[in-house]
Amino acid sequence: MERTATINRLQGCYLALPTLFKDDLSLNLAGMRRHVRFLIDHGLHEGNAVLLVNGANGEFPMLTLEERKQTAEAVVGEANDRIAVIVGAQTSSTREAIQIAQHAQDIGAAALQVSPPYYFTPTDDDVYEYVAAIARAAPHMGIVFYTTYWLGYKPVPAMLERLAEIPQVACLKWGSSDLLDYQFVLLHLSNKLGIIDNQVMPVYNQLMGGSGVNLHPALLWPEWGVKMWGLLEAREWDQAQTEVRRVLLPYYEIIGDIWQTHAGEGNVEKLGLELLGMAGGHSRPPMRPLPPEYKERLRQFCLEVGLPLERA
């Protein structure tokens, strides 16, 4: 695994796919493949975007290990090297993470997304050994380390520099509750690792040398993702920030309001896919269905920002 090559493959819009379910809550793999085709057909490809399967937006805690393999195979197969695919390897078990990593390597995924193990809050050494074990088990896979500080473990910049010593660690999906830490990591690590913004600060991330941005609206509006990434690459900061204010922050405002009463992720994108004419569906319990008013609110948002509906 060559770090620079992996960083280059993983730049652009970082898109965490929702896992789709049928009415009986079994996997809707055909619907997920169609979503991947939709994104590619509307302008996303390697160089301006990357797909993540089985992240939090993909409801990985509600999936069995076998189901995680099935969804990864479906997305990697449909992408067919037209766009890089990252496989989420987030779990509380090193043994399970290794199985996910080896399977992702076997099916030709581009990289893994790894976050610290959770429930038992780990120490720095625990996290280092966890990531190192995954790297040893799948030596040809790049690793995106995801700093899920809200789950208990908050890595300090020195720990992230230590993780960067592992050759397979190529990127950092970066967000922090400490704004100084957020800036110091960009200052000191963007010359070593690809930094993917997870702070809803895409312009600042790119201004400081970042390599990718988490853009949820592009899951429904890929052309906007292409536009946004083009502005960032061209260093058109004012225009890019206008799009943050116009599209990105209002979209996250909807998500934030939902989080006041409903847990989980991916449910907004499922409503949006239905508005586009594709399969969306419910999430698995304990995630509860969203009230109908959120679908209407999302529809109004789409009309206000110019996101075209009923076109899939």
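In this tour, two residues are in contact when heavy atoms of theirs lie within 4.5 Å of each other. The model on display is predicted.

**Ser115.** Please begin by selecting Ser115, which is found in the loop between strand E4 (111-114) and helix H5 (124-137). Ser115 counts as buried because its relative accessibility is 1%, and buried means under 20%.

**The surroundings of Ser115.** Next, display the residues that Ser115 touches. When its neighbours within four places in sequence are left aside, Ser115 is in contact with Gln90, Tyr130, Phe145, Tyr146 and Thr148. Now show the side chains of Ser115 and Gln90: a polar contact of 3.3 Å joins them.

**Strand E4.** Move to E4 and display its side chains. Ala111 and Gln113 point one way from the strand, while Leu112 and Val114 point the other way. Each of these four residues is buried.

**From E4 to E5.** Finally, select strand E5 (residues 142-146). E5 and E4 pair in the parallel sense, over 4 bridges. Which residue in E5 is the bridge partner of Leu112? The partner is Ile143. To end the tour, show E4, H5 and E5 together, as these elements make a right-handed β-α-β unit.

How values were computed: Residues are numbered from 1 along each chain as its sequence is written. This is a predicted model: local features need pLDDT of at least 70, side-chain atom pairs count only at pLDDT 80 or more; totals for chains, interfaces and linings use all residues. Side-chain values use heavy atoms; hydrogens and water are left out. Helices (H or I, at least four residues) and strands (E, at least two) are DSSP runs, numbered from the N terminus. Buried means under 20% relative accessible area, exposed over 50%, partly exposed in between (1.4 Å probe, protein chains only). A polar contact is a pair of N or O atoms within 3.5 Å; within protein, one must be able to donate a hydrogen and the other to accept it, and residues adjacent in sequence count only if both atoms are side-chain atoms. Two strands pair if DSSP finds at least two bridges between them. A crossover is right-handed if, with the strands pointing away from the viewer, the path from the first strand over the helix to the second runs clockwise.
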